[in-house]
Amino acid sequence: DGEVHISELKTGSTEMFWNPTSEVRRQRLKRHIVLFEEQTDFESERLWQHVTSAINKGDQHKATQEKFVLEEEQRNAARERRESGTEWKPLLFRHDAGTNEWHYKYEDLRPWDPLNDIAQFEKDGILQTMERHLSTRMSNHKATCINNQMTRHKRSAKDCRRRKTSDQPSNHSQNTESSCSTPESVQELSDDDGKYLGFESLCAQCGKEMNHLKEIHSAVLSLQKAQQDIHR
């Protein structure tokens, strides 16, 4: 929060490198944290509360003492797990035996896409990105629904051919097969392709997800317009 200067030792000149002006502070992202009373025992703010309090009071001895208490409790817990043969299974991290390092299970290392990514948020310890377009999960679910409907449609058409072939003389089998049609190949399916091919409408989850994403997109556009008005 303070000014940072760069000093040239040879010439003795100094120039401003960083100045957190009131305008800079105003543009900062707001910090959102879980209320203290809603935090679990192992969340950092609650776990280290006594150490933090001692540091804020300038009591280095007390802070060191509280830190030692926490670390000793962790050592004892680890010792008890070893003696009882209990395996420690972290919820959010995995251990890489090759590098002997811990990695966040749900890490997303792709670059931020300002045209598609709306916001990043945490839910149950998992970092997620809200996107403008259908997520991969939603797209896969939608494709699964359509594929299932295509399978049922083809099976029905096949049964239809089998019934007509068995009911008619063999010399009419070619004509009866042509009376039941089934799509030979489908390259791509759009939102309306299911209706065009005579399939059922998409499942309720697909419809609900799509409506929810439309509402989010509309809200984002409204916020962007408000920001533009404020800048003007």
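1. In this note, contact means heavy atoms within 4.5 Å, and helices (H or I, at least four residues) and strands (E, at least two) are DSSP runs numbered from the N terminus. The model is predicted, with local features needing pLDDT of at least 70 and side-chain atom pairs counting only at pLDDT 80 or more, while totals for chains, interfaces and linings use all residues. Residues are numbered from 1 along each chain as its sequence is written, and side-chain values use heavy atoms, leaving out hydrogens and water.

2. Helix H4 (residues 60-84) has 25 residues and reaches 36 Å from its first C-alpha to its last, close to the 36 Å expected at 1.5 Å a residue, where the expected span is 1.5 Å times one less than the number of residues. Ala63, Glu66 and Leu70 of H4 are buried (buried is under 20% relative accessible area, exposed over 50%, partly exposed in between, with a 1.4 Å probe and protein chains only). The cover over the buried residues of H4 includes helix H2 (44-47) and helix H3 (49-56).

3. Just after H4, Gly85 takes a positive phi of about 75°.

4. Asn100, in the loop between strand E3 (93-96) and strand E4 (101-104), has a positive phi of about 60° although it is not a glycine. Most residues other than glycine have a negative phi. Asn100 counts as exposed, at 58% relative accessibility.

5. Phe17 belongs to strand E2 and is exposed, with a relative accessible area of 58%.
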